[in-house]
Structure formats: C-alpha cells, structure tokens
Amino acid sequence: MNTFLLEIVTPEHLVFSKQVNSLVVRGVEGELGILPGHIPLVTPLQVAPLTVKVNGETLTIAVHGGFVEVHKDKVTVLAESAELPKDIDLERAEAAKERAQRRLQSRSRQDEIDHRRAELALQRAVTRIKVSAGKGQQ
Ligand code: ATP
C-alpha cells in the first residue's frame, strides 16, 4: 500500500492516527513534503497548518510548533497543541488574534519575551483561523 501511518500527538491527547498518502509540514527550514519511503529525519516545526492527503482527500490540521519524526513506516508529529478543523473554536481564535495584535501594537516598552510570546500567540490564532476556514492548504 502506498501509505504510511501518521500520528499527531500532544501532551493532552492523540489528535490524529491514520494511514495517509502524503503529508506537507512547515519545518523551521521550509516546507517539507513527505511521501511513503521518505528517509528518516527529525526536524522542528513552525506554527502552521499541516496538510495531509488521505484517500485522495486533503485535510488540514493546525499544528503549533513541535517536531516531526519520520521513521520507516510511521511519521509522528509531537506538538504542544494541535487541532482538527472541526475542533477549532473560531471566535476564541479571533479573540486571541485581536489580543495578540493589541499587544504587538502597544507602544509601551515591553521586554522581548512578551513581544515574542505575542507573536507566537498571533501565529497560533492565524493558523487556527486558516484551518477552520479550510484555507490552510499550502
Ligand atoms: P487562547 O489565548 O485562546 O487560550 P492559546 O494559543 O494561548 O489560545 P494554547 O496554549 O495554544 O492556546 O492551547 C491551549 C489548549 O486550548 C490546547 O488544548 C488547544 O488545543 C486549545 N485551544 C486553543 N485555542 C483554541 C481554539 N481556538 N479552538 C479550539 N481549541 C483551542
């Protein structure tokens, strides 16, 4: 069979576990396409939508950082959080996006850690909004 097992795991639960045809993730060094038989590797991921092909259908999943591990017959994504489109609360993501944007725009002298935190929160919110709207495909 021209598939491999994809598991997406967070500290809270197993978000996804299925045989898939292909996977596209956004690694820190750029986009990475994975087909059956890909060489083993481990690489950190960006906060971004991940795209999976299952039986010819394309599914996007919001994945918030973490790592992808490519093994011979199995690919594991380990992330702080990850959501399927149906599990995304769009209003919550919109509110998080506005909160993060307000923080980034406020001119008060915040330290760099707060700025970075707001940037990451914004990326998570934007990723959730895209995936929820079915626009996460790369
Ligand atoms: P918020 O500020 O709304 O809490 P966040 O980006 O800080 O967003 P995370 O720390 O990434 O949230 O996630 C905490 C938990 O809440 C995770 O289990 C994550 O899957 C879930 N979660 C966060 N935002 C949403 C959302 N918009 N829809 C569904 N689940 C969400």
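**Entry 1: domain layout**

I took the centres of domain 1 and domain 2 over C-alpha atoms and found 23 Å between them. The model is predicted, and I keep that in mind throughout. Domain 1 covers 4-85 and domain 2 covers 89-133.

**Entry 2: the contact between the domains**

I listed the residues in contact. Domain 1 gives 11 residues, and these meet seven residues of domain 2. Next I looked up the buried area. Between domain 1 and domain 2 it comes to about 710 Å². Carbon and sulfur atoms give 66% of that area. Which residues of domain 1 lose the most area to domain 2? I noted V47, P49 and H64. Together they make up 53% of what the domain 1 side buries.

I then ran the salt-bridge rule across the interface of domain 1 and domain 2. It returned one salt bridge. I also looked up the pair R128 and E83, which form a salt bridge. Their closest N and O atoms are 2.9 Å apart.

**Entry 3: what domain 1 puts forward**

I asked which elements give two or more residues to the side of domain 1 that touches domain 2. They are strand 6 (47-54) and strand 7 (57-64). Strand 7 supplies the largest share, with five residues.

**Entry 4: S81**

I went to S81 next. It sits in the loop between strand 9 (74-78) and strand 10 (82-83). Its side chain makes a polar contact with the side chain of R128, at 3.5 Å. R128 is also the residue that forms the salt bridge with E83. I checked what else S81 touches, leaving out residues up to four places away in sequence. The list is T10, A62, V63, H64 and R128. H64 is also one of the residues of domain 1 that lose the most area to domain 2.

**Entry 5: N55**

My last stop was N55, in the loop between strand 6 and strand 7. I looked up its phi, which is near 50 degrees. That is a positive value in a residue other than glycine. Is N55 buried or exposed? Its relative accessibility is 72%, so I count N55 as exposed. The cut-off I used for exposed is over 50%.

Notes
Residues are numbered from 1 along each chain as its sequence is written. This is a predicted model: local features need pLDDT of at least 70, side-chain atom pairs count only at pLDDT 80 or more; totals for chains, interfaces and linings use all residues. Side-chain values use heavy atoms; hydrogens and water are left out. Domain bounds come from an automatic or database domain assignment. Contact means heavy atoms within 4.5 Å. Buried area is the accessible area (1.4 Å probe) that two parts lose on being put together, summed over both. A salt bridge is a side-chain nitrogen of Lys or Arg within 4 Å of a carboxyl oxygen of Asp or Glu. Helices (H or I, at least four residues) and strands (E, at least two) are DSSP runs, numbered from the N terminus. A polar contact is a pair of N or O atoms within 3.5 Å; within protein, one must be able to donate a hydrogen and the other to accept it, and residues adjacent in sequence count only if both atoms are side-chain atoms. Buried means under 20% relative accessible area, exposed over 50%, partly exposed in between (1.4 Å probe, protein chains only).
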